[in-house]
Amino acid sequence: MINIKESRHPIVDYRPIRPSDLEVLEKIHGELFPIRYESEFFHSVVNGRGIVSWGAVDRARPMSQNDELIGFVTARVVIAKESEIEDLIRFESPKSDETLVYILTLGVVESYRNVGVASSLIREVIKYASTITTCRAVYLHVISYNNPAILLYKRMSFQCVRKLDSFYFIDGHHYDAYLFIYYVNGGRTRCSPMLELVALLLTHAKSGLKSVARILWRKEDKKVPKWPRNREAGCLLPTIQNKITTK
Ligand SMILES: CC(C)(COP(=O)(O)OP(=O)(O)OC[C@H]1O[C@@H](n2cnc3c(N)ncnc32)[C@H](O)[C@@H]1OP(=O)(O)O)[C@@H](O)C(=O)NCCC(=O)NCCS
């Protein structure tokens, strides 16, 4: 058990997770989550097989522990069109190859909580997602009773876009989940077809008015003031509830 009092002023450092982290990573997951992950998952994480990850360590701990994980985040890149949130993503074209980053697990050992470790780990994921030009969002699921995590995602400007009834099945009980999303690289949600139409009409109306104004202005030989930018139509998020098996 890690005791932060041993290291009153932690020097938290972030680094990729590597094969030597296997045992600790598996142990912390076992302690923090009610869901059991298969050994294959941990091997994929530490070997970077299809999963990206960041670990947090406290450099102020004694030598033997100063490289031991005290927190982690794991994620994978998924094809947006094959994801459950395809309808929440704006695609450039029907043939476009947009991707998303899905956060699989996030955890910080108890004695290192509330000092910003998870926030920093999430920021690493957002930074990474933003560097992938095809990536449109970072998203994740959280069990509905996990208030510290829900507060954290909200504080980090993730949007709660869905409630998924009985998403998790743990120890014979069903639990709801919330789906949180953080858009990157302009990947904001698609509007409903009606709102798309309204936005389109507004754009046309705007350019039509602009042309009329230009003609009138030219006639009066005056300088045309800059047309105000059209504000995006507000989008209502769909509330379709997908039934998905426990991840
Ligand atoms: C949820 C979890 C990852 C949060 O980790 P954490 O490192 O404590 O998170 P942070 O420190 O970044 O943020 C937690 C709170 O500490 C506060 N905080 C952050 N830095 C701080 C600082 N330097 N000083 C004081 N408070 C600080 C934040 O404001 C935040 O408050 P809020 O989110 O309630 O508004 C952690 O509780 C955990 O591992 N839980 C078990 C596993 C789990 O539930 N994972 C999520 C699954 S979806």
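Biologist: Where does Tyr168 lie?

Modeller: Tyr168 is part of strand β6. Bear in mind that the model is a predicted one.

Biologist: Why is Tyr168 called buried?

Modeller: Tyr168 has 20 other C-beta atoms within 10 Å. A residue is buried if 20 or more lie within that distance, so Tyr168 is buried.

Biologist: What makes Phe167 buried?

Modeller: Phe167 is found in β6, which spans residues 159-170. The count for Phe167 is 24 other C-beta atoms within 10 Å. The cut-off is 20 or more, so Phe167 is buried.

Biologist: Why does Val161 count as partly exposed?

Modeller: Val161 is found in strand β6. It has 17 C-beta neighbours inside 10 Å. Buried needs 20 or more and exposed needs 12 or fewer, so Val161, with 17, counts as partly exposed. Val161 and Tyr178 are 17 residues apart along the chain, and their C-alpha atoms are separated by 7.5 Å.

Biologist: How do you know that Lys127 is exposed?

Modeller: Lys127 has 11 other C-beta atoms within 10 Å. The limit for exposed is 12 or fewer, so Lys127 is exposed. Lys127 is found in helix α3. From Lys127 to Val184 the C-alpha distance is 9.2 Å, while in sequence they are 57 residues apart.

Biologist: Which value of phi does Asn114 have?

Modeller: Phi of Asn114 is near 60°, a positive value in a residue other than glycine. Asn114 is found in the loop between β4 and α3.

Biologist: Is Asn114 buried or exposed, and what is the count behind the label?

Modeller: Asn114 has 9 other C-beta atoms within 10 Å. Exposed means 12 or fewer, so Asn114 is exposed.

Biologist: And what of Asp171, where is its place?

Modeller: Asp171 is in the loop between β6 and β7, the latter being residues 173-183. Phi of Asp171 is near 50°, which is positive in a residue other than glycine. Asp171 has 7 other C-beta atoms within 10 Å. With the limit at 12 or fewer, Asp171 is therefore exposed.

Biologist: Which residues of α1 and α2 meet?

Modeller: On the α1 side they are Leu22, Leu25 and Glu26, and on the α2 side Phe42, Val45 and Val46. By class, this contact has five nonpolar residues, no polar ones and one charged.

Biologist: How many residues surround the ligand, and which are the closest?

Modeller: The ligand is surrounded by 18 residues, the closest being Val108, Arg113, Gly116, Ala118 and Ser119. At least two residues of the shell come from each of β4 (99-108), α3 (117-131) and α4 (147-155). Helix α4 gives the most, with five. By class, the shell has eleven nonpolar, five polar and two charged residues.

Biologist: What is the overall make-up of the chain?

Modeller: The chain has five helices and seven strands. Their order from the N terminus is β-α-α-β-β-β-α-β-α-β-β-α. Of the 247 residues, 26% are buried.

Biologist: What share of the contacts with a separation of 6 or more is between residues 24 or more positions apart?

Modeller: That share is 71%.

Technical notes
Residues numbered from 1 in each chain as written. Predicted model: local features only at pLDDT ≥ 70, side-chain atom pairs only at ≥ 80, totals over all residues. Contact = placed C-beta atoms within 7 Å. Helix = DSSP H or I, 4+ residues; strand = E, 2+ residues; numbered from the N terminus. Nonpolar A, V, L, I, M, F, W, Y, C, P; charged D, E, K, R; others polar. Near = placed C-beta within 6 Å.
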